[in-house]
Amino acid sequence: MRFTLYTEKTVAQCLSALNARMQAKGSAARPALEGWVEKNGRFALSVSTRMLNRFSRTTHLTGQLERRGSVTIVTGRVNDGAGPRERMLVSAALGLAAVVLIALGEVVPALIAALAAAALNLLLAGDRQNRDILIAEVRRALKARETPPAAARKQTGSGKTAVAARKPASAAKSMATARKTAAAKSNRKPAAPASKEAAADKTSARKPAVSPLEAQSKAAAGATNPLFTEDFGQTSSVDQDG
């Protein structure tokens, strides 16, 4: 069985508390514990209890202490054993096997199966009892709980709130950037074409202006043609009279 506990004590304080507990003498209320501790946070504990006042069962627990922020996390593993229901199922299965073996004439294997059922029942019951003792002693010595302390939960909650607050800000920034990009694209569109009158004015403005020499030559030609026409008309009238 694996377990996880939380305590506000430091790793050094936890190791000192475990060492003090192992040095304490056993009593009827609190049995003696054996084991070792290391500076890196590793430790091991073991307890022995008597079953049916005749058989002794020793169960071992190994663990690791790790400091995270203001909390020390205790992780470990211990033999779980079995509860009354599980032990009953194991005993029934082995008892049925013994009956079948006896029916087949195998007396010795049947006796072995029956003894195995009784031994497993004691071992599993002893591990379950010792497991509860070891975990309870660890929790008492380290003042540990199965849930993180309130301070750690507050820190975790504030961290989540800060992350959640950052997300809307980043979304707002992305929206503002998208709007600026759209506005820049709209400003890049070509201007509307000018009106026809403006186009005509531009065309007329593009025509070259008449030079002064050309204007004088045109004026001279216009002045000469009428005189020539009058002279021509007079000549023709004289010819008709003659």
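A: Start with Asp132, which is partly exposed at a relative accessible area of 41%. Partly exposed falls between buried, under 20% relative accessible area, and exposed, over 50% (1.4 Å probe, protein chains only). This is a predicted model: local features need pLDDT of at least 70, side-chain atom pairs count only at pLDDT 80 or more, and totals for chains, interfaces and linings use all residues. Residues are numbered from 1 along each chain as its sequence is written, and side-chain values use heavy atoms, with hydrogens and water left out.

Q: Which residue does Asp132 form a salt bridge with?
A: Arg131, with the closest N and O atoms 2.8 Å apart. A salt bridge here is a side-chain nitrogen of Lys or Arg within 4 Å of a carboxyl oxygen of Asp or Glu.

Q: Is Arg131 buried or exposed?
A: Buried, at 14% relative accessibility.

Q: What about Arg131 and Asp80, what is the N to O distance?
A: Their side chains meet in a salt bridge at 2.4 Å. Arg131 lies in helix H3 and Asp80 in the loop between E5 and H2, so this pair ties together parts 51 residues apart in sequence. Helices (H or I, at least four residues) and strands (E, at least two) are DSSP runs, numbered from the N terminus.

Q: How many salt bridges in total?
A: The count is eight.
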